[in-house]
Amino acid sequence: MKNSFLVAICLFLFNHVLSAAEVDTALTFSKSMNKNIKAVVIKPDSYKIGKTFPVVYLLHGAGGNYAEWAKKVPGIKNLADQYQFIIVCPDGNVTSWYFDSPVDPEWKYETYVAKELVSYIDEHYKTIAAKKGRAITGLSMGGHGALYLAIKHQDVYGAVGSMSGGVDIKPFPNGWNISKRLGTQDEFPERWKQNSVIDMIYRIKPGSLAIAIECGTEDFFYKMNVRLHDELSYNNIPHDFTTRPGVHNWDYWANAIKFQSVFLSNYFNAKP
């Protein structure tokens, strides 16, 4: 009887391991920057038997890297299983802001994330290789980056989210190395405006993007997120806007990604 119980436990654990999400580190090559770049790829439990899966590109914030989401919020593996999508965490080189820098040609992270990485993932993984099967979201710098890339590449992504996003870079002329990517704001004020998400709303095509924005009410980016919500509403652009108590930290983002996942899953599963 005792041996039967142990066998049952072992079988349970064995099956549990088999059904868990799998975390890869992919080594990708950026032709535009002529270098190798790592990305975390999380495959859902049914990946081996499934046909194709939607993909969520999950961006880190300033100071982070490709591995940060998986280390700080290991529960994202469970989200891949629960909602049956692939999660890809690109590397944004600490403070790229996901721009193609007009100042430094070695910083082309818009091209890398929105084109080169998407092509690599579609070629090497079982993805739904179409706009309907792609979404992008992120935190802080990555929240700005997700909206920035989705707005500029509405043929690539069908849904976009932002958690505590720095959606207006203009109030921070000396912050987070932005001036190293765009040049100083004093010298290039129009360039800073053109690359601030809050000033890019006019580029959103009606019905082109499913949008979900959220920010903690004690976050230093909160007021600009409220302004973004107001601008989207004024321009009749459908979107979800969520606020809840919280500051600019991992406790907030670990919770926020759960709500983002529901929104993105609903998008993937919606009938055309």
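How are α4 and α5 oriented to each other? They are roughly perpendicular, a term covering angles of 65 to 115 degrees between N-to-C directions on a scale from 0 to 180. The model is predicted, so that local features need pLDDT of at least 70 and side-chain atom pairs count only at pLDDT 80 or more, whereas totals for chains, interfaces and linings use all residues. Residues are numbered from 1 along each chain as its sequence is written, and side-chain values use heavy atoms, with hydrogens and water left out.

**Helix pair**
- Helix α4 (residues 109–124) packs against helix α5 (residues 141–152) at about 65°, with the axes, which are lines fitted to C-alpha atoms, 11 Å apart; helices are DSSP runs of H or I with at least four residues, and strands are runs of E with at least two.
- Contact (heavy atoms within 4.5 Å) is made by Glu-110, Val-113 and Ala-114 of α4 with Tyr-148, Leu-149 and Lys-152 of α5.
- By class, this contact of α4 with α5 has 4 nonpolar residues, 2 charged residues and no polar ones.

**Sheet**
- An open sheet of mixed pairing is formed by 8 strands in the order β1-β2-β4-β3-β5-β6-β7-β8, where pairing requires at least two DSSP bridges between two strands.
- The edge strands, each pairing on one side only, are β1 (22–30) and β8 (240–244).
- Strands β6 (residues 159–163) and β7 (residues 210–216) pair in the parallel sense over 5 bridges, and Met-163 has Glu-214 in β7 as its bridge partner.

**Helices on strands**
- Helix α4 lies across β1, β2, β3, β4 and β5, running at about 120° to β1.
- Helix α5 lies across β3, β5, β6 and β7, running at about 160° to β6.

Technical notes. Parallel < 35°, antiparallel > 145°, perpendicular 65-115°, else oblique. Nonpolar A, V, L, I, M, F, W, Y, C, P; charged D, E, K, R; others polar.
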